[in-house]
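Dear colleague,

I am handing over a structure that will be new to you, and my notes on it follow below. Please keep it open beside this message as you read.

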Amino acid sequence: MAKIIVPTPLRKFTSDKSSVEVSGNTVTSAILELVNQQPNIKKHLLDENEKVQPFIRIFVGDEDVSNDEMDTTPITETTVISIVPAIAGGSVNNSNN
Amino acid sequence: MSEVKFSKEELERYSRHLIIPEFNIEGQRKLKNAKVLVIGTGGLGSPVLLYLTAAGIGTIGLVDFDVVDQSNLQRQVLFTVDDVGKHKVDAAIQRLKGLNPNVNFVAHKTRITSENALDIIKDYDVVADGTDNFPTRYLVNDACVLLNKVNVYASIFRFEGQLSVFNYIDENGNIGPNYRDMFPLPPPPGLVPSCAEGGVIGVLPGILGSLQANEVIKVVSKVGEPMSGRFFIFDASAFETRILKIKRNPANPLNGDNPTQKGLIDYVQFCGIGPDVEENKDEVQEIDVFELNKWIESNQDFQLIDVREPYEYEIANINGELIPLAQISSQVEAISRDRKVVIHCRSGVRSAKAIRELQSLYGYNNLINLKGGILAFAKEIDNSIPTY
């Protein structure tokens, strides 16, 4: 099983799990399995065309994988996939609520 | 560079730099000759400013619009209790001058905006971005790219920190990636963690800000390998670190293959939080805290619901029934339909969201949002309620 590391802002959609084990042969299938396991994460991760959102990046190991490369990037049992979101800061003073 | 001279006091002060073989007095001269702009003097800005001042950067600009608040002291180690209420830039410069009187400090007591950013940044060599919101992140990035300035970036959230050096130009003239290469668009406001989900462990900006100061020193002194083309992630709760490779994006609107953006834009609107894009604002009935207080004092029959999280309720509450926003749909039966219902949160955004959800999915027509939330109540009605 490959491992997907879930960043702090998205952990509330994975029952606070910091990583999730997934099967699949490509990055796309791994991400879709994550979404199947944790459906609440979907809109934060994928757009309406099931492409990764423009404020999120996916890395396999330390390599950036773009939306165009996900179908063809293979994964194995030992692959570590990182979801990296844009974060802006921890202050509440400038947030919008 | 050899024209940069040091006094005896400076040579003694910087002696631990001068005896590093690859840094030596040449590195110190570069620091003294450098102009660094630190945007945000808060959690990240505090260690950045302390270490850059101690290290002997020649000119340091400070940008901030805010005053020191009690809630800053948990992580903004530049400030003391006596500084509460003072302008952050004034308090910071006073402290930093005491640390190193050889540094020239430039105060920019203003909010950085699309109107003033280029003018402020143009006089500096390197920028350290320690801001805390998406519009300013994109603004600082874009201004640095347009002006060919290095942007030493760090960002924090709860226990997690990120760091990179953006727009770094190496000795061969190759330009490194910038924030837009990684994140072409910001998350829409609804997907940004709200204040209920925010927060940061106080030590984390100390760690990331110190690393940021180190990257500034490396960029300025040209010693070491700056974090250009690499993205550092630190999870302080698990003590896990990752360094990821990042690359330029040909579609970058600023400096990709076909640049389309030649200047700064309206970043508040870009991030979807401008007043004109606030959705369905007039669908929600509102009440202000003065009116609510009258209702309370005259024992009017109404239900008061608090849609914040239990840990927020523990900090402060005004005796509302606690139904966190995420549980609203599953607790509809607890929300009255036959009398007025006032719904509140911290500042009024989550409660408006709850009302829209209840109105559209469950047909409620008796719901009223408390304008300004418990923060306004604490400010205007009851000063004994802590704000957060």
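Two residues are counted as in contact if their C-beta atoms, placed from the backbone, lie within 7 Å. By that rule, 26 residues from chain A and 42 residues from chain B make up the contact. On the side of chain A that touches chain B, strand 3 (56–60), strand 4 (63–65) and strand 5 (80–85) of chain A each supply at least two residues; strands here are DSSP runs (E, at least two residues), as helices are (H or I, at least four), numbered from the N terminus.

This is a predicted model, in which local features need pLDDT of at least 70 and side-chain atom pairs count only at pLDDT 80 or more, while totals for chains, interfaces and linings use all residues. Residues are numbered from 1 along each chain as its sequence is written, and chains are lettered from A, and ligands numbered from 1, in the order in which they are written.

Chain B holds an open sheet of eight strands in the order 3-2-1-4-5-6-7-8, with mixed pairing, where two strands pair if DSSP finds at least two bridges between them. Its edge strands, each pairing on one side only, are strand 3 (104–108) and strand 8 (240–245) of chain B. Within the sheet, strand 5 (residues 150–157) and strand 6 (residues 160–166) of chain B pair in the antiparallel sense over seven bridges, and B:Tyr153 has B:Ser164, in strand 6 of chain B, as its bridge partner.
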